[in-house]
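Biologist: Please show me the model. Then let us go through it by question and answer.

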Amino acid sequence: MKKYITKNDLLMDIACGTGRISTNVCRSLDLRLILVDKNIHMLNVAMKKINMRHERNKLINMDVYDFLENNGKTDNVKINDINIFTCFNAIHWIGLGLFKKLEEKMSPGSLFIILTRTKKQNKESFFGLNFPKFADKETRLFSSNQLLDGFKECNLSVVETKFLKYQILQKKSKLLEQAKKKSYSTFSLYSNEEYEKAMRIFKDNISSKPEMLNVQYENLLIIGKKQ
Ligand SMILES: C[S@@+](CC[C@H](N)C(=O)[O-])C[C@H]1O[C@@H](n2cnc3c(N)ncnc32)[C@H](O)[C@@H]1O
């Protein structure tokens, strides 16, 4: 991302959640940040991570479609001034409709950056391989082609596509806890009965694995630019 960014650029993180990615990016690259999320509890956590004394840093508790519809007026944001829009791990919540709605408001030269996992990457993830029906239940994710088409159908040229692959050494107990706490929203797509049954099979599936596991994660990063 670094090579496309200039110090003092204004970045808007759409569906920022707790801002775990964008607050770090903005701190390390010295960018100003606008965080948008419809969930106030997420924003309350994010608020502690950004310097609110900086007049250009803002938190917006709104559905992104409503925000774009009213041109940022409610929050006194000039959408034209924003150089970079990001959407990390959330395009499957928001839908591909965002491309057109956002592109209409972006100024020429500005970037739209998506980080997500594709359907295929989800299927090959730790939970996709070990937690029954994890990949089948998650019908919201897109394929890489669907995402790339989304960019092409708008006036957004794709300047970079990166399939990212990395490993993290994790405790098996921690992964079990993630499933118990339903850390991925996919777990909420199971009925109680289905989830309990899947959980029993999951525990069985991982029982013979060592306590420390090299877990593989994959993501897709796409950077689009408004012409
Ligand atoms: C999986 S979290 C991703 C959070 C963060 N970007 C990250 O990578 O950690 C998805 C977030 O999208 C937000 N969200 C979903 N639909 C939204 C919408 N239409 N407008 C604004 N926020 C939305 C949810 O409230 C949630 O915080």
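Modeller: Helices (H or I, at least four residues) and strands (E, at least two) are DSSP runs, numbered from the N terminus. This is a predicted model, where local features need pLDDT of at least 70, side-chain atom pairs count only at pLDDT 80 or more, and totals for chains, interfaces and linings use all residues. Residues are numbered from 1 along each chain as its sequence is written.

Biologist: Of the 16 residues of strand β6, what number is buried?

Modeller: Strand β6 covers residues 156–171. The strand lies largely in the open, because the number of its residues that are buried is one.

Biologist: Over how many bridges do β6 and strand β7 pair?

Modeller: Two strands pair if DSSP finds at least two bridges between them. Ile168 has Val215 in β7 as its bridge partner. Strand β7 spans residues 212–226, and its antiparallel pairing with β6 runs over 15 bridges.

Biologist: Which residues of helix α5 are buried?

Modeller: Helix α5 covers residues 97–105, and its buried residues are Leu98, Phe99, Leu102 and Glu103. They cover an arc of only 120° around the axis (taken from the directions from the helix axis to the C-beta atoms), which puts them on the same side of α5. An α-helix has 3.6 residues a turn, so residues three or four places apart point the same way. Gly97 and Glu104 are exposed on the other side of α5, so the buried set is Leu98, Phe99, Leu102 and Glu103.

Biologist: Why does Glu103 count as buried, and which residues does Glu103 touch?

Modeller: Glu103 counts as buried because it has 20 C-beta neighbours inside 10 Å. Contact requires C-beta atoms, placed from the backbone, within 7 Å. Leaving out residues up to four places away in sequence, Glu103 touches Cys154, Asn155, Leu156 and Lys226.

Biologist: Which residues are the closest to the ligand?

Modeller: A residue is near a molecule if its C-beta atom, placed from the backbone, lies within 6 Å of it. The ligand is surrounded by 18 residues, and the closest are Ala15, Gly17, Asn39, Asn89 and Trp93.

Biologist: Is Asn89 buried or partly exposed?

Modeller: Asn89 is in the loop between β4 (84–88) and α4. Its phi is near 55°, positive in a residue other than glycine. With 17 C-beta neighbours inside 10 Å, Asn89 counts as partly exposed.

Technical notes
A residue is buried if 20 or more other C-beta atoms lie within 10 Å of its own, exposed if 12 or fewer, and partly exposed in between; C-beta atoms are placed from the backbone. Two residues are in contact if their C-beta atoms, placed from the backbone, lie within 7 Å.
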